[in-house]
Amino acid sequence: MSKRTHERINWKKEARLLPGYILLVAWVAFTAFILLWIIAASLSETNDIMRGEVWQNVFSGDFHFENYVSAWMSNNVSVYFANSLLYSIVGCVGTILISAPAAYVMSRFRFFLNKTIHLSFIVAMSVPAVMVILPLFSLASGLNLTNNRILYIILVICLRVPFSVIYLMNFFQNLSRAYEEAAAIDGCTPMKTFWKIMLPLVQPALITVTVFNFLSIWNEYFIAMIFVSGDAKTAVGVGLMNIVNSMTYSGDYGGLFAAVIIVFLPTFILYLFLSDKIINGVTAGGVKG
Amino acid sequence: MRKSKSMIVCFMTAAVITLLFMYVYPIIRTIIMSFFNVESVTASTSTWSLAGLKNYIDLYATSIFRTSMINILKIWLIGGIITMFFALLFAVILTSGVRFKNFFRAAIYLPNVISAVAMAAMWRYYVFNARFGFLNSFLELFGLDAVNWLDTGHIFGSMLVAYCFGSVGYFMLIFLSGIERIPSDIYEAAMIDGTNSFQKFRYITLPLLRGVFKTNLTFWSVSTLTFFVWTRMFSPTETENTTVVPVVYLYNVVFGSKGVTQVDAGRGAAIGVTLAVCMILIYAIMNRLIKDDDLEF
Amino acid sequence: MKRKKMISLLMAAAMTVSLAACGGDGGTTASTAPSDSGSTETEQSAAPSTGVTLTYWSMWNSNEAQAQVIQEAVDAFTAETGIGVNIEWRGRDITTQITAALESETQIDLFDDDFQRVAEQYNDHLLDLTDLASSTGYEDKVQPLFMQIARDYSEGALYTIPYQIYTSGIVYSQDAFDAAGVDASTIDSWDGLIAACEALKEAGYTPFALDGGGSPRYMYSYILARLIGQDAVKELSLNGGWSQNEGARQAAEYIIQLRDNDYVLDPIGTYPEGEYTLGYDETAMIVLPDYVISEVIAGTGTEITWGFIPFPNLGGPEDETYANVGAQGFGIPAYTEHSEEAFQLIEWLTTGEWDQKLAEVSLHAPCDVSNTATGLVAQIQESISALTGYYDYQCGTNENPDIRLNTEVQTLFEGGYATADEFLAACDARY
């Protein structure tokens, strides 16, 4: 009996794995095919795209890099790209500077309203943006700050702080108090201890949280659309939407796909290098990035 | 350890200010606004007049808003089932001992790091394209007729499929880590008892993933309720009732759009509050239905 | 370790790019200080700089033909007058951005969008241009009908100056008509239209192109307005009652007739590929404003010969001298300090040489009545001169912003309803 069962389990295991492989490969191949096609299309002329002759075109070595040039220059992608980089980088740094100290004291000390603030950050993570956008817009326009880079950066920082605080708290909690005690004996002030000792200790978490913040700010759409709508200041998401919409008037499909690739590349490259970190961040934190 | 009051104040101030500025004040003001006649979002409070429940009553009587709520419900429910099904399926496959697990995992998660606009553009302008699109080329390969995936009968389904495709990876990761956290001795014990793999899944994995399900459903609800970019990409020229969702309607009502001559920020606020209440309801119902266990994150 | 280096390198590179972009940007946006805003335009100008720089939010994208002409015109304007102009190419999304921008008094001296929207939706924030237009004698130079419509939209005040004026009707491929032996002048009634469709179908064409961007409803609304008049259509749109309306039933039956005889594109193309079928010589006509021609040419590079006729009279209160006409329109925000300069620029763009050039690249009729056209544009211009009345965009079915019936009409074209009554019931179900 035991032998038969053993054989059956083995057979079943094979049978179970094969459909699994097929499904995985199909799914991934589909993703890869789409991406490759978009790349091929971004190097083709609109007429070839329309005739469905993208592959023939690319295999014949007829690359139309001018799609990228036109997307980058005349369609303003260079500007959107630089804007998004600025927003993402300043946003990430600002978020860490605000969240890390808060996460530290919240995980280390009991104080007035600690629990309430903690809970508020958790709730804030699931507040739909539409609940906060109207008063903020009215405030901004009262101060004549719509279409203002600094305000937008402040908004994305505020948007990322709750997630970052909650995420970092887990890591500070796991640090031994011995570090602080040793530092105190050496005469180090608590504040200095934090910057010099505790913060470097959570460096891996800081990197993970920053990667998440970067992706999230890079891909942010809704708030950018409302607060930095101008061509000169807007971010890649809104910019790409503008390009897509204008493409339907100008019929420049090649340029459209080139713009898609340009917007897609930075996060893709980041992901190539950091996919382990990102994936571990999702699974360990279990919080939406 | 010494507790330094000045340090706490110093370290907490900025974070608390972001909380007050970005969440507390706007939420309170949005709620208040929803009970007033506010025409323009930038109108000063002196021009507001009390409306009571009028904004809500008018809103719920508007056919396009009802359509948008039905659409979002469909996205939440049908899309949720599809997404959770594939996410769980892939998580189970990936923990069943396949090779190249990390590669597959990373590839399936990939759409999550791409701008939603870029993702939607790929689907809308390539995969579903009637002329040169992926799906129709595929059908052609088998000698089948081309389908217009973006006509009134198909566009909602097409949009939903595209949206779910991109979402699966994230929920898969959460399931994956849930399954990996199930202590292996439980499975070993089951092996001794002679259970097959389906039974293992049905009687061990699934029940132990309850908490993970709750986490996933919460995130799914948060992300679907603010559905916006996909509709804008799939119906770029006009707001269509096949694809309209509440946030799109809110945006039109507050900021104006093609053909909407009257802006009404009070009604916009009422939409926001309605969505937030839906969120709270979903959360409360889920908390009742799914009891926590220790695998919850 | 290696990876870390990689990241810091990437970050550093990113930093440099963004800083460089910021540096470059300050010069071109020039929205704050007038001192640094004279910038490049004035350096090459013949006229001395006035120190005034206008900010123009444009509905065009910088790579469109119209934008290129406007850019040239603006450079010439700066050279002539010494007034600097800083153009921000916003694209069609200006519709969703402009309200917020006007509300927050963003520095804009002029902008453009669909002229009905400018006149109706944004007028709270706009300057009444009546005085400016009369003081320069502007009104005597341009198509009077469009100035009249601009006034109609905002109860007598003049908030917008129309340009890129269009009319609508049946845009057709002369090549297809020639191949099928159809004379466009025979399309003067429903029967004439059906006869033409049959001939085109026999010649291998799908008579009507359609796309998912609203062209099915445009066609249905046109038929409906021809049958019962636009006011009655508006009434229907606002209050429903489609099932009880004979005209609505008749119009739906006409569509079913077209559909059942394969006179319309099936499946309906998406926008804009559906209309590109004209350029690919697969379809022969489309009921849309004349701007569809330049879209199709831009998208397909087609070299077919085009033709244009008014939509035929179907025996209702309004005959073929009624058409949906429209335009883009300039508006000047009420809060700007440079309204006179802004109006000067508008006049520069909409009359004389530059109006002519804009009309030529976009295949629109010129605004300036003293400008003349040839070929297709002449046909269009002639048809505009013959007009005795006008329809709104979508001929009245846009009247109720919450109920547009786009989906229902498109479904009717797709064959989703077996009978006209089913369609009408579906429309009424929305109310």
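**Strand pairing and contacts**

Reply: Start with strand β4 (residues 161-166) of chain C, which pairs with β10(C) in the antiparallel sense over four bridges. Two strands pair if DSSP finds at least two bridges between them. Helices (H or I, at least four residues) and strands (E, at least two) are DSSP runs, numbered from the N terminus. This is a predicted model: local features need pLDDT of at least 70, side-chain atom pairs count only at pLDDT 80 or more, and totals for chains, interfaces and linings use all residues. Residues are numbered from 1 along each chain as its sequence is written, and chains are lettered from A and ligands numbered from 1 in the order in which they are written.

Me: Which residue is the bridge partner of Tyr163(C) in β10(C)?
Reply: Gln328(C).

Me: What about strand β3 of chain C, how many bridges does that pairing with β10(C) have?
Reply: Four, again antiparallel, with β3 covering residues 110-114. There, Asp112(C) stands opposite Phe330(C).

Me: Is β10(C) buried or exposed?
Reply: Six of the six residues of β10(C) (residues 326-331) are buried, so the strand is largely enclosed by the rest of the structure. Buried means 20 or more other C-beta atoms within 10 Å of a residue's own; exposed means 12 or fewer, partly exposed is in between, and C-beta atoms are placed from the backbone.

Me: Which residues point which way from β10(C)?
Reply: Gly326(C), Gln328(C) and Phe330(C) point one way. Ala327(C), Gly329(C) and Gly331(C) point the other way.

Me: Switching to a helix. Which residues of α17(C) are buried?
Reply: Val377(C), Ile380(C), Gln381(C), Ser383(C) and Ile384(C). Seen down the axis of α17(C), they fall within an arc of 160°, so they line one face of the helix. The arc is that of the directions from the helix axis to the C-beta atoms.

Me: And what is exposed on the other side of α17(C)?
Reply: Gly375(C), Glu382(C) and Ser385(C).

Me: What covers the buried residues of α17(C)?
Reply: The cover includes β5 (168-173), β8 (306-309) and α16 (352-362) of chain C.

Me: Now domains. What is the assignment for chain C?
Reply: Domain 1 is 49-159 + 326-379, and domain 2 is 168-323 + 387-428. Domain bounds come from an automatic or database domain assignment. The two centres, taken over C-alpha atoms, are 30 Å apart.

Me: How many residues of each domain of chain C are in contact?
Reply: Nine of domain 1 with 12 of domain 2. In contact means that the C-beta atoms, placed from the backbone, lie within 7 Å. On the domain 1 side, α7 (144-153) and α17 (375-385) of chain C each supply at least two residues. By class, that side has four nonpolar, five polar and no charged residues. Ala, Val, Leu, Ile, Met, Phe, Trp, Tyr, Cys and Pro count as nonpolar, Asp, Glu, Lys and Arg as charged, and the others, Gly among them, as polar.

Me: How is chain A divided?
Reply: Into domain 1 (2-67) and domain 2 (70-285). Their C-alpha centres lie 33 Å apart.

Me: Last topic, chains. How many residues of chain A are in contact with chain B?
Reply: 78, against 77 residues of chain B. Helix α1 (residues 2-42) of chain A gives the largest share of the chain A side, 14 residues. That side divides into 55 nonpolar, 17 polar and six charged.

Me: And how many from chains B and C in their contact?
Reply: 25 residues from chain B and 29 from chain C. The chain B side has six nonpolar, 14 polar and five charged residues.

Terms used. Contact = placed C-beta atoms within 7 Å.
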